[in-house]
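Open the model in your viewer and keep the selection tool ready.

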Amino acid sequence: MSAASPRKRVAALISGRGSNMLSLMAAARQADYPAEIALVFSNKPDAPGLETAKDAGIATAALFHKDFASREDFERAMQDILLAHKIDLVCLAGFMRLLTPWFVEQWTGRMINIHPAILPSYKGLHTHARALADGVKLHGATVHFVVPEMDAGAIIAQAAVPVLDGDTPETLGARVLIQEHVLYPLALKLVASGAAKIIDGKVLTGETANGETLVVPSPSLQGA
Ligand code: GRF
């Protein structure tokens, strides 16, 4: 990166194992990647991903949400930490707290999330079980900008995997997760580099990135 375009400082917000956080950390080790993971924050002080981040030498912070009287109190304390670390972009990576409109508005156009389904299908929880119950043949993951309505913001990039006979929520979820780890670094790159722009509520990525926003791995790479 040139001095004119410093790497964006990213906070990964997690609540659990943090495998997507790890995929972002791995991508950010490349010298030409336009973002660095400057902070890993969790609402669960015992989240396994915090230890992983610490071991990699990344700054971590945790606030247990139940220690706060209200959702907004928790978020204001979290916001203070993000500002103290001079964060430019927030990546939700398995952060299992609904965010208030106030917090979302602090990060309009600067906060993204990964959701384990091809939005706008299967918003919310238990996406793999619901996809199996419906008998769909295509499933996957989406990275999108965060807006106050859950899982509803402009879509940046998506990955698709097949649903196979005999799949369980676990086998299907594992197949999707492999592609999440490809998708999230790609989407963050588009946002951090400025290639992804929201125009009329939709994300356009420009000629250089056009076509990169769909991850469809070959069957031999699907872990099927
Ligand atoms: C992923 O499936 C992600 O799509 C969802 O939460 C899960 C987090 O997994 N938002 P991990 O903590 O990144 O391993």
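Predicted model: local features only at pLDDT ≥ 70, side-chain atom pairs only at ≥ 80, totals over all residues.

Residues are numbered from 1 along each chain as its sequence is written, and side-chain values use heavy atoms, with hydrogens and water left out.

**Whole chain**

Show the cartoon. The protein has 7 helices and 10 strands; these are DSSP runs (helices H or I, at least four residues; strands E, at least two), numbered from the N terminus. With a radius of gyration of 17 Å, close to the 17 Å of the globule rule for 224 residues, the protein is as compact as a globular protein of that length. That radius is taken over C-alpha atoms, and the rule is 2.2 Å times the number of residues to the power 0.38. Along the principal axes, the C-alpha atoms fill a box of roughly 50 × 45 × 40 Å. Of the 224 residues, 47% count as buried.

**Helix H2**

How many salt bridges does the structure hold? There are 4, each a side-chain nitrogen of Lys or Arg within 4 Å of a carboxyl oxygen of Asp or Glu. Select Glu51 and Lys54. Their closest N and O atoms are 3.5 Å apart. Both residues sit in helix H2 (residues 48-55), 3 residues apart, about one turn of the helix. Glu51 is partly exposed at 45% relative accessible area. Lys54 is partly exposed, also with 45%.

**Helix H3**

Next, select Arg76 and Glu72. This salt bridge has its closest N and O atoms 3.4 Å apart. Helix H3 (residues 71-84) holds both partners, 4 residues apart, about one turn of the helix. Arg76 is partly exposed at 40% relative accessibility. Glu72 is partly exposed too, at 32%.

**Between two loops**

Finish with Glu149 and Lys123. They form a salt bridge, with 3.9 Å between the closest N and O atoms. Glu149 lies in the loop between strand E6 (138-145) and strand E7 (155-162), and Lys123 in the loop between strand E5 (111-115) and helix H5 (127-134), so the pair ties together parts that are 26 residues apart in sequence. Is Glu149 buried or exposed? Glu149 is exposed, with a relative accessible area of 52%. Lys123 is partly exposed, at 31%.

Methods:
Buried < 20%, exposed > 50% of the residue type's maximum accessible area, 1.4 Å probe, protein only.
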